[in-house]
Amino acid sequence: MCPEISAASSEQSNSVAQGGIAITEMDDVTQQNAVLVEQSAAAAENLKRQSHELVATVSIFKI
């Protein structure tokens with residue numbers, strides 16, 4: 001095999017490996033974002049519940 005083909009093959013192999021690493025990292029970040037979205041939705045639901053409770057609590061006051 002000529003040196004140029006060997007070097008190009010090695011460079012291509014390295015590029016493919018780096019692409020695989022990048023995809024794995026993007027998948028990890030996507031999964032982390034999904035967890036954060038779920039946590040944010042749960043927190044928003046909790047705040048909604050608390051606000052309803054607060055409205056009910058202060059509704060006894062008349063201005």
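Modeller: We can go from overall form to contacts and surface.

Modeller: This is a predicted model, where local features need pLDDT of at least 70, side-chain atom pairs count only at pLDDT 80 or more, and totals for chains, interfaces and linings use all residues. Residues are numbered from 1 along each chain as its sequence is written, and side-chain values use heavy atoms, with hydrogens and water left out.

Colleague: How many helices and strands are in the chain?

Modeller: The chain has 1 helix and 0 strands. Both are DSSP runs, numbered from the N terminus: helices are H or I with at least four residues, strands are E with at least two. The radius of gyration, taken over C-alpha atoms, is 27 Å, well over the 11 Å of the globule rule for 63 residues, so the chain is more spread out than a compact globule. That rule is 2.2 Å times the number of residues to the power 0.38.

Colleague: What does the C-alpha trace span along its principal axes?

Modeller: About 90 × 15 × 5 Å.

Colleague: And what share of the residues counts as buried?

Modeller: 0% of the 63 residues. Buried means under 20% relative accessible area, exposed over 50%, partly exposed in between (1.4 Å probe, protein chains only). The chain's accessible surface, by the Shrake-Rupley method with a 1.4 Å probe, is about 5700 Å². Carbon and sulfur atoms hold 63% of that.

Colleague: Switching to contacts. How many salt bridges does the whole structure have?

Modeller: The search finds 1. The criterion is a side-chain nitrogen of Lys or Arg within 4 Å of a carboxyl oxygen of Asp or Glu. The partners are E53 and R49, at 2.8 Å, N to O.

Colleague: Where do E53 and R49 lie?

Modeller: Both are in helix α1, 4 residues apart, about one turn of the helix. E53 is partly exposed at 43%. R49 is partly exposed too, at 40%.

Colleague: Which residues make the nonpolar surface patch?

Modeller: L54, V58, I60 and F61, covering about 440 Å². Patch residues have over 30% relative accessible area and no salt bridge; nonpolar side chains (Val, Leu, Ile, Met, Phe, Trp, Tyr) are joined within 5 Å, like charges within 9 Å.

Colleague: Where is F61, and why does F61 count as exposed?

Modeller: F61 sits in the segment after α1 (3-58). F61 counts as exposed because its relative accessibility is 59%.
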